[in-house]
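Welcome, and please open the model in your viewer.

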Amino acid sequence: MGRSVRRAAVPPCCSACRVSDFTTELSQLYERHAEELQMLVAGYRKRNAELRKDRGACQTSLFQTWDILLQEVEKDSQAHSDISTVLGRQVARPLLEKTFHRKIQSRKVFGTREAYEQLVAKAEEKLVKARQDYKNAYMSYMASPNTAALATYFDAHNAYVIQLHATNGVLEHFGSEMLPTLMQELEDIYADLCATVTDAALQGAEVIASRAQEQQRRYDGLATVCRTASAQTDIVQVVKALAPQGAHPHPIVRRHFSAPHVPPPDADTPGSDMGNTMLPPALKNELVTDRLASIQVRAQFEGLRKEGQDLELQCKQLQDALDTLHRMQQRSLESALFNKANELQDEISAKKYDLRVAQMQLAAVRAQGLAGMRGHATRPG
């Protein structure tokens with residue numbers, strides 16, 4: 001029974017050592033992760049500062065969200081550093097220090113058990129030898145019954161009985177006294193180690209849970225900021241920051257009709273003063289219908305109308321093609337075919353350019369048509 005217990009038993013101090021070693025390595029991982037997070041935040045803070053210079057004093061919800069994200073990751077770095085400190089100083093090292101004497105005690109217990117078992121084994125060996133001597137004396141007497149053989153037989157019998165009682169006494173004491181005492185000592189060691197290890201694990205769990213709850217609250221706040229971010233509001237802020245004070249954010253430039261002016265007469269140039277008889281008729285922002293004008297207004301108007309119809313058809317075809325490409329890109333994104341979506345984006349951008357050029361040409365044609373519909377000026381008689 002003692003040997004089976006010895007084979008099945010595992011020194012309880014090994015668990016504490018493993019937990020301490022694991023916690024030490026875990027603390028180091030947290031520390032390295034904290035340092036890497038801090039380096040990451042520092043690098044992007046530098047880029048963010050450069051970005052602030054480019055965008056000036058304009059504060060948008062997008063950049064506010066970006067700033068908050070950097071702040072939260074920086075706080076994560078500090079939280080990981082705190083966890084590393086707690087795991088290293090309050091869990092791993094104290095755990096090793098508190099359980100080291102139990103490790104020594106556990107080794108002594110198992111060493112003592114092996115020594116006891118060696119004593120039991122020696123007693124059993126003596127019993128086997130005494131039994132063999134007893135048997136040999138019996139066989140000798142049976143082979144040659146005489147007084148000397150009988151005396152030897154009696155002595156062997158007595159030696160065997162004495163050794164039998166001695167061996168049984170050793171076995172009984174080992175089984176009823178020594179082994180329970182050793183098991184009780186191991187139980188005390190295990191109970192103390194169990195309390196120490198679980199208390200250490202509890203401290204680690206509490207600090208990690210506390211930081212996790214704090215992290216959840218912080219990132220819940222970041223999620224709220226993300227949900228309230230508005231691209232439209234940001235665009236208004238950007239436009240206000242870029243536009244001059246009191247100016248229209250997107251002034252529409254229009255070119256006004258400007259008739260040629262008669263240059264002032266030059267006294268040094270002969271014939272510069274030709275008089276009013278040489279001046280052409282005064283014209284306005286209207287088409288001139290005159291036999292001398294090479295442009296036929298009606299024919300020109302019909303040509304513009306035909307060109308406008310062609311451009312409208314072209315715009316419709318381009319818009320349909322653009323809508324189809326958008327749907328294909330959306331399906332690609334939903335199917336995680338990102339390379340296909342990237343390829344389609346090039347086609348979408350090209351179609352958008354073609355559509356806007358066609359719309360611009362159509363706007364020019366329509367403006368020319370409006371000029372023809374407003375009325376015509378005839379040459380004064």
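This is a predicted model: local features need pLDDT of at least 70, side-chain atom pairs count only at pLDDT 80 or more; totals for chains, interfaces and linings use all residues.

Residues are numbered from 1 along each chain as its sequence is written, and side-chain values use heavy atoms, with hydrogens and water left out.

**Stop one: a charged network**

Select Glu72, Asp76 and Arg218, which a network of salt bridges links together. A salt bridge here is a side-chain nitrogen of Lys or Arg within 4 Å of a carboxyl oxygen of Asp or Glu. Side chains of opposite charge can pair when their charged atoms come close. The structure holds eight salt bridges.

Begin with Arg218 and Glu72, whose closest N and O atoms are 2.5 Å apart. This pair links distant parts of the chain, with Arg218 in helix α4 (residues 147–228) and Glu72 in helix α3 (residues 61–143), 146 residues apart. Helices are DSSP runs of H or I with at least four residues, strands are runs of E with at least two, and both are numbered from the N terminus. Are these two partners buried or exposed? Arg218 is buried, at a relative accessible area of 11%, and Glu72 is buried too, at 6%.

Asp76 is buried, as is Arg218.

Next select Lys129 and Asp133, which form a salt bridge at 3.2 Å, N to O. Both lie in helix α3, four residues apart, or about one turn of the helix. Lys129 counts as exposed because its relative accessibility is 53%, while Asp133, at 35%, counts as partly exposed.

**Stop three: the aromatic cluster**

Show the side chains of Tyr134, Tyr138, Tyr141, Tyr153, Phe154 and Tyr160, which ring pairs link into a cluster. Rings of Phe, Tyr and Trp (its six-membered ring) pair if their centres lie within 6.5 Å; planes under 30 degrees apart count as stacked, over 60 as edge-to-face and the rest as tilted. The structure holds six aromatic pairs.

Tyr134 and Tyr153 make a stacked pair, 5.5 Å centre to centre with 20° between the planes. The pair links distant parts of the chain, Tyr134 in helix α3 and Tyr153 in helix α4, 19 residues apart. Tyr134 is buried at 17% relative accessible area, and Tyr153 counts as buried at 18%. How are the rings of Tyr153 and Phe154 placed? Their centres are 6.1 Å apart and their planes are at 45°, so the pair is tilted. Phe154 is partly exposed, with a relative accessible area of 43%.

**Stop four: Thr196**

Select Thr196 in helix α4, where it counts as buried at 15% relative accessibility. A polar atom of the Thr196 side chain lies 2.8 Å from the backbone oxygen of Asp192. Leaving out residues up to four places away in sequence, Thr196 touches Leu95, Lys98 and Thr99, where contact means heavy atoms within 4.5 Å.

**Stop five: two annotated spans**

Colour residues 113–140 and 301–328, which UniProt lists as "coiled-coil region" in an unreviewed entry. UniProt positions are given in the numbering used here, feature names are shortened, and annotations may be inferred rather than shown by experiment. In the model, residues 113–140 are 100% helix and 0% strand, with end C-alpha atoms 41 Å apart. Residues 301–328 are also 100% helix and 0% strand, and their end C-alpha atoms lie 40 Å apart.

**Last stop: Ala336**

Finally, select Ala336 in the loop between α6 (297–334) and α7 (338–373). What is there to see in its backbone? Ala336 has a positive phi of about 65°, although it is not a glycine. At 47% relative accessibility, Ala336 counts as partly exposed.

Methods. Buried means under 20% relative accessible area, exposed over 50%, partly exposed in between (1.4 Å probe, protein chains only). A polar contact is a pair of N or O atoms within 3.5 Å; within protein, one must be able to donate a hydrogen and the other to accept it, and residues adjacent in sequence count only if both atoms are side-chain atoms.
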